[in-house]
Amino acid sequence: MEKTLVIYASKHGICEKTAGRIAKNLGCPYQNVANLRFINDYSTIIMGTSIYMSKGSKAMNTFIKAHKNELLQKNIAFFICCCQTGSFQIESQLASAFPKELLNKAFYTGCLGRGVNMARLGIVEKAIFTKVSGITKSFFEPNIEEQERLMDAYKKL
């Protein structure tokens, strides 16, 4: 199979955990986008970002801007991890996290998991998050159905 890399940007660890699960299932490496410089050795790039305050990671946005033309030449997929549910919210969050031109080229887009690690939130951040979301405890809910959909799309490449 072609060389594949899963890259992620994770503020509080949920997207990192999800990227690790995907990479393990695919038998490929995964790497934090903040530490990644080159992607020329890979034909398939699966990119994921956590959604925070309805936006994707700045590190992922910076990476995509720097490598957009190169990404357009590869097999690409995009996923998010967030606390939202419902297809409208997920589509909206994907559109805010990744450029439309790349999303249109992707062999997969979706939300692969939701959750929050309360231990990684600062005091003020935790208070605001709890007030807005009503969530008071850490949780991680991988979206197994969507992960299987990603795997099925990947196998068709």
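The following questions and answers concern a predicted model.

Me: How many disulfides does a search of the whole structure find?
Reply: A disulfide needs two cysteine sulfur atoms within 2.5 Å. For the sulfur of Cys 15, the closest cysteine sulfur is in Cys 81, at 4.0 Å, which is too far for a bond. The search of the whole structure gives a count of zero.

Me: Is Cys 15 buried or exposed?
Reply: Buried means under 20% relative accessible area. Cys 15 has a relative accessibility of 0%, so Cys 15 counts as buried.

Me: What is the relative accessible area of Cys 81?
Reply: The cysteine sulfur closest to that of Cys 81 is in Cys 15, too far for a bond. Cys 81 is buried, and its relative accessible area is 3%.

Me: How far apart are the end C-alpha atoms of helix 1?
Reply: Helix 1 covers residues 14–26, which is 13 residues. At 1.5 Å a residue the helix should span 18 Å. The computed separation agrees with this, at 19 Å.

Me: Which residues of helix 1 are buried?
Reply: An α-helix has 3.6 residues a turn, so residues three or four places apart point the same way. In helix 1 the buried residues are Ile 14, Cys 15, Thr 18, Ala 19, Gly 20, Ile 22, Ala 23 and Leu 26.

Me: Which residue follows helix 1?
Reply: The residue after helix 1 has a positive phi, near 70 degrees. This residue is Gly 27.

Me: What distance separates the C-alpha atoms of Val 116 and Cys 15?
Reply: Val 116 lies in strand 5, residues 108–116, and is buried at a relative accessible area of 6%. Along the chain, Val 116 and Cys 15 are 101 residues apart. Their C-alpha atoms are separated by 9.7 Å.

Me: How many charged residues are in the lining of the second largest pocket?
Reply: This pocket has a volume of about 200 Å³. The second largest pocket is lined by 13 residues, with Lys 11, Ser 50, Gly 56, Ser 57 and Lys 58 nearest its centre. By class, the lining has five nonpolar residues, five polar ones, and charged residues numbering three.

Note on methods:
Residues are numbered from 1 along each chain as its sequence is written. This is a predicted model: local features need pLDDT of at least 70, side-chain atom pairs count only at pLDDT 80 or more; totals for chains, interfaces and linings use all residues. Side-chain values use heavy atoms; hydrogens and water are left out. On a 1 Å grid over the protein atoms alone, a cavity is a set of points where a 1.4 Å probe fits but cannot get out, and a pocket is an open set with protein on both sides within 12 Å along at least five of seven lines; lining residues have an atom within 4 Å of a point. Grid points are joined across faces, edges and corners, and a volume is the space filled by probe spheres set on the points. Ala, Val, Leu, Ile, Met, Phe, Trp, Tyr, Cys and Pro count as nonpolar, Asp, Glu, Lys and Arg as charged, and the others, Gly among them, as polar. Helices (H or I, at least four residues) and strands (E, at least two) are DSSP runs, numbered from the N terminus. The expected span of a helix is 1.5 Å times one less than its number of residues. Buried means under 20% relative accessible area, exposed over 50%, partly exposed in between (1.4 Å probe, protein chains only).
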